[in-house]
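Please open the model in a viewer and keep the selection panel at hand.

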Amino acid sequence: MCTFDFMKAAKTIFWILWRIWFYFLLGLPIIVMLPFLVLSILKEKWYPYFFIMARIWAKVILFGMGFRYSIEQEARLDPKQSYMLISNHTSMADIMLMLAITNNPFVFVGKKELVKIPLFGFFYKRTCILVDRSNSRSKGAVFQLAQKRLNQGLSICIFPEGGVPTQDIILDDFKDGAFRLAIEHQIPIVPITFYDNKERFSFRFYSGSPGRMRVKIHAFIPTIGKTLDDKNTIKAQSRAVILNELTKKDTYLK
């Protein structure tokens, strides 16, 4: 005789409705701000205005999903300085959280597949630097576009794992791109740890819960005077900062 598991059924229904609500929140602020968003992408020099609205969009989603975030900072970003922002990447909410915690306008370097998301993809394609990791020519174009954005006084954000690792991997190996760009442009690297995003809102459909998302902005890693010969050392150093933080016993979800 089968017994009905009420709690399991309730969780499943919650997760389904919660995920649907997420996609509703993904589109609602874009529709509300649509005329202003379209205006802000007409000229590249207007990107900082787009960035302000992107941060509003991100915060609406985070708070609408029941997430609250707290930030610990070992160093503060200088609004007149460009940076290379990097963090671990395990959640659909990583993009929103990065936007919410960072005042300095930055441009994401991200995978082109996200262009397929309705409405979001339209603006993503026109404001982010897209990379096709299977195409070496695309990777070369990324460096040219990043240089252009840095020359405009913007920062760059890359999730250096190059994708989303499986659930059992704490932090995947880092790709070279972020560190090559940082060295070539002599900009500081800003390691950022997202502690709770995997548990809060992972890429697994039936998972997650509202609650706290903790963030730590670590001390910057300088690249002044460094060359590409130092790339692997800086990459290892950056990964170690985030990995050490993730593996501390007191960093697990609270």
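A residue is called buried under 20% relative accessible area, exposed over 50% and partly exposed in between, with a 1.4 Å probe and protein chains only. The model is predicted: local features need pLDDT of at least 70, side-chain atom pairs count only at pLDDT 80 or more, and totals for chains, interfaces and linings use all residues. Residues are numbered from 1 along each chain as its sequence is written, and side-chain values use heavy atoms, with hydrogens and water left out.

**First stop: T90**

Select T90, in the loop between β2 (84-87) and α4 (94-101). Helices (H or I, at least four residues) and strands (E, at least two) are DSSP runs, numbered from the N terminus. With a relative accessible area of 6%, T90 is buried. Which residues does T90 touch, not counting residues up to four places away in sequence? They are V164, P165, N197, K198, S202 and F203, where contact means heavy atoms within 4.5 Å. Next, display the backbone of K198: its nitrogen is reached by the side chain of T90 at 3.5 Å.

**Second stop: helix α5**

Move to helix α5, residues 120-127, and colour F120, G121, F123, Y124 and T127, which are its buried residues.

Now show the surface and select I31, L34, V38, L39, L42, L119 and F122, which form a nonpolar patch with about 600 Å² of accessible area together. Such areas come from the Shrake-Rupley method with a 1.4 Å probe; for residues, only the protein chains shown count as cover. Patches are made of residues with over 30% relative accessible area and no salt bridge, where like charges are joined within 9 Å and nonpolar side chains (Val, Leu, Ile, Met, Phe, Trp, Tyr) within 5 Å. Helix α2 (residues 34-40) gives the most to this patch, with three residues. L39 lies in helix α2 and, at 47% relative accessibility, counts as partly exposed.

How many salt bridges does the structure hold? There are eight, a salt bridge being a side-chain nitrogen of Lys or Arg within 4 Å of a carboxyl oxygen of Asp or Glu.

Select E72 and K216 to see one of them, in which the closest N and O atoms are 3.7 Å apart. This pair links distant parts of the chain, with E72 in strand β1 (residues 67-73) and K216 in strand β7 (residues 211-217), 144 residues apart. E72 is partly exposed at 42%, whereas K216 is buried at 8%.

E74 lies in the loop between β1 and β2, 142 residues from K216 in strand β7.

Finally, select D176 and K231, a salt bridge whose closest N and O atoms are 3.2 Å apart. D176 lies in the loop between β5 (155-158) and α7 (177-185) and K231 in helix α9 (residues 231-246), so the pair ties together parts that are 55 residues apart in sequence. D176 is partly exposed at 28%, while K231 is buried at 9%. To end the tour, select E72, E74, K216, E245 and K248, which salt bridges that share partners join into one network.

Conventions: A polar contact is a pair of N or O atoms within 3.5 Å; within protein, one must be able to donate a hydrogen and the other to accept it, and residues adjacent in sequence count only if both atoms are side-chain atoms.
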